[in-house]
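User: I'm new to reading structures and I get lost when I look at everything at once. Could you pick one part of this model, go through it closely, and then show me how it ties in with the rest?

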Amino acid sequence: MNISSIFTTVLTVGITALLGNYIATLFQKRNNKTAMNQKKLEDETKNILAISKKISELSSSRRFAAQSLIDSLLNLPIDDPKITNLRTTYREEVKKWNTSLSSLNIDLFSINLHHLAYELLEGTDNSTNVNHIDLHNTDYLPRGIHANFYEAHLLINEFLTRQPTNHHLLLRASLNLNSSFSSTRKMSQYLLQASNDKWTDMLNDYTDEFSVHNLEHATLLTLIRAVFHPKPHHLRVKRPIR
């Protein structure tokens, strides 16, 4: 073997080694980035599910205390010792819920779900004056967890202070509690969906299906492929960086 052949062989081996190391480094960086993104995503989804659990537990505790008090008020005199104990428990749950409400709002805002804070956690359309509540219109109730808790609280207090007592106040308050339960379930479903969506986004490499709504974000190659593709909506378009 002459010197030229030896040099060529050494050069080829060297280039191959360098290229191999370069490719291996690229794959390693990519794998490290994927692992970091996956770990971050795991933390985000755990946080979402933790928020959902916290809301469900606090809401359930207040609703149970309120319903237990209502059930007893419908069957026992107000000065009964059991009523006194239930009122104490209810006041404690009201305080616990109210002091946690701000932190729950912050939790939802921190994961960019402020619309759930407005629509389902705080809620809307509740009366602030018990005299404005139509006790016989069972088709109209506030939307959201806290809005229904607030209205039920007004009705319970009115029952405890009004003479003669009016059981329709308690029956309407029970409907508010049922509505708060429905809102809590919706909240849990939305948060679970938000958690699942994050995993789906990662699996799809943060792309969306090709459509008329994201044409401006599609690459030239994607647009050309879409012309000849039998099912262009199966193509993926990278989301713009916000």
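Analyst: Let's start with Asn112, which counts as exposed because its relative accessibility is 56% and the cut-off for exposed is over 50%. Keep in mind that this is a predicted model. Asn112 sits in the loop between H2 and H3. Its phi is near 65°, a positive value in a residue that isn't glycine.

Now step into helix H3, which covers residues 114-122. Which of its residues are buried? They are Leu116, Ala117, Leu120 and Leu121. These four lie on the same side of H3, because they cover an arc of only 120° around the axis.

With 38% relative accessibility, Asp125 counts as partly exposed.

Leaving out residues up to four places away in sequence, Leu121 touches Trp97, Leu101, Leu104, Asn105, Leu108, Leu116, Ile145, His146 and Met187. Leu120 has a partner worth a look too: Ser183 touches Leu120, along with Gly144 and Ile145, again not counting residues up to four places away. Ser183 belongs to helix H5, residues 167-203. Is Ser183 buried or exposed? Its relative accessible area is 6%, so Ser183 is buried.

Zoom out one step and Leu121 turns up again. The largest nonpolar core has 41 residues, and those touching the most other members are Ile55, Trp97, Leu108, Leu121, Ile156, Met187 and Leu191. Two or more residues of this core come from each of H1, helix H2 (81-110), H3, H4 and H5. H1 gives the most, with 9 residues. As background, nonpolar side chains tend to be buried together in soluble globular proteins.

There are charged contacts to find as well: the whole structure has 6 salt bridges. One of them pairs Glu44 with Lys198, with the closest N and O atoms 3.5 Å apart. This pair links distant parts of the chain, since Glu44 is in helix H1 (residues 3-73) and Lys198 is in helix H5, 154 residues apart. Glu44 is partly exposed at 27% relative accessible area, and Lys198 is partly exposed at 28%.

Another salt bridge joins the side chains of Glu151 and Arg172, at 2.9 Å from N to O. Here Glu151 is in helix H4 (residues 145-161) and Arg172 is in H5, 21 residues apart. Both Glu151 and Arg172 are buried.

A further bridge is the one between Glu158 and Arg162, at 3.0 Å from N to O. Glu158 counts as buried at 18% relative accessibility, while Arg162 is partly exposed at 28%.

One last stop: a cis peptide bond joins Gln163 and Pro164, with omega about -5°. You'll find Pro164 in the loop between H4 and H5.

Conventions. Residues numbered from 1 in each chain as written. Predicted model: local features only at pLDDT ≥ 70, side-chain atom pairs only at ≥ 80, totals over all residues. Heavy atoms only, no water. Buried < 20%, exposed > 50% of the residue type's maximum accessible area, 1.4 Å probe, protein only. Arc of directions from axis to C-beta. Contact = heavy atoms within 4.5 Å. Salt bridge = Lys/Arg side-chain N within 4 Å of Asp/Glu carboxyl O. Core = buried A, V, L, I, M, F, W, Y, C linked by side-chain atoms within 4.5 Å.
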